[in-house]
Amino acid sequence: MLVRRASWSDVEEMCRIMVATEPYITLRYTWDMCCDTVESAVEEGWSLVAEEHGSIVGFILFRVFDGFPLGGYIRALAVAEKHRDRGVGSALMSKAEEKILEYRDNVFLLVSSFNKNALKFYLKRGYSIVGEIPDAIIKGHSEIIMRKTRSAEHKHGSNIDEQKPLKT
Ligand SMILES: CC(C)(COP(=O)(O)OP(=O)(O)OC[C@H]1O[C@@H](n2cnc3c(N)ncnc32)[C@H](O)[C@@H]1OP(=O)(O)O)[C@@H](O)C(=O)NCCC(=O)NCCS
């Protein structure tokens with residue numbers, strides 16, 4: 001698997017992954033909304049894709065500056081369903097965190113309260129819950145604010161070279 005910067009030719013595959021998965025389905029992200037999100041991140045330059053055998057299997061969109069007060073911000077992360085649980089999401093997170101923590105002391109992200117799998121994934125990666133925005137995007141569901149600090153990073157290690165090899 002190769003993690004590399006996203007380019008314009010990746011946009012359609014990235015939108016296809018995003019529109020087909022939770023939490024974006026429940027959050028009622030349409031094709032156009034997914035593409036707007038992906039395109040703006042590709043334009044800003046802070047977006048990575050994971051590629052396997054010439055196909056995009058996952059992506060991460062983030063901001064190093066101006067994303068969130070006090071730190072960088074993970075805007076979106078998604079791995080195509082059949083490629084999950086093989087370290088793709090961890091590899092994408094590690095690269096994005098590495099880039100953010102080069103300049104900032106914190107990484108922030110929002111996770112939907114119904115997205116228990118992602119919440120668990122982030123807790124395991126050293127994030128802690130620092131707040132909650134009720135009825136944030138749709139009524140009845142909150143967005144949980146999570147933070148990882150530079151010191152937590154040192155404890156858990158984010159160097160991509162430390163990742164387990166991919167299961168094949
Ligand atoms: C959350 C998400 C991005 C995680 O991606 P992923 O590629 O499945 O994550 P990983 O494979 O890196 O980690 C998941 C599990 O695989 C394990 N794993 C990590 N590297 C591994 C490897 N090399 N081999 C085998 N297993 C591995 C992890 O320990 C983890 O196990 P756990 O669930 O017991 O903690 C993915 O589930 C997803 O796209 N979900 C839908 C979109 C979403 O919710 N996005 C977040 C929005 S806030």
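The following exercises, each with a worked solution, concern a predicted model.

Residues are numbered from 1 along each chain as its sequence is written. Because the model is predicted, local features need pLDDT of at least 70 and side-chain atom pairs count only at pLDDT 80 or more, while totals for chains, interfaces and linings use all residues.

**Exercise 1.** Determine how the axes of helix H1 and helix H2 are arranged.

*Solution.* Step 1: Identify the elements. Helices (H or I, at least four residues) and strands (E, at least two) are DSSP runs, numbered from the N terminus. H1 covers residues 11-19 and H2 covers residues 31-44.

Step 1: Consider the axes, which are lines fitted to C-alpha atoms, for helices over the stretch in contact, with angles from 0 to 180 degrees between N-to-C directions. The two axes come within 9 Å and cross at roughly 130 degrees.

Step 2: Classify the angle. Angles under 35 degrees count as roughly parallel, over 145 as roughly antiparallel, 65 to 115 as roughly perpendicular and the rest as oblique. H1 is therefore oblique to H2.

**Exercise 2.** State whether Met 93 is buried or exposed, and which residues it contacts.

*Solution.* Step 1: Locate the residue. Met 93 is part of helix H3.

Step 1: Apply the cut-offs. A residue is buried if 20 or more other C-beta atoms, placed from the backbone, lie within 10 Å of its own, exposed if 12 or fewer, and partly exposed in between. Met 93 has 23 other C-beta atoms within 10 Å, so this residue is buried.

Step 2: List the contacts (C-beta atoms, placed from the backbone, within 7 Å). Leaving aside neighbours within four places in sequence, Met 93 contacts Ile 60, Leu 77 and Arg 125. Leu 77 is 16 residues from Met 93 along the chain, yet their C-alpha atoms are separated by 8.2 Å.

**Exercise 3.** Describe the backbone at Pro 23, Asp 66 and Asp 135.

*Solution.* Most residues other than glycine have a negative phi, and most peptide bonds are trans.

Step 1: Examine Pro 23, in the loop between H1 and H2. The peptide bond that joins Glu 22 to Pro 23 is cis, with omega about 5 degrees.

Step 2: Examine the aspartates. Asp 66, in strand S3, has a positive phi near 60 degrees. With 9 other C-beta atoms within 10 Å, Asp 66 is exposed. Asp 135, in the loop between strand S6 (128-133) and S7, has a positive phi near 45 degrees. Asp 135 also counts as exposed, with 10 C-beta neighbours inside 10 Å.

Conventions
Contact = placed C-beta atoms within 7 Å.
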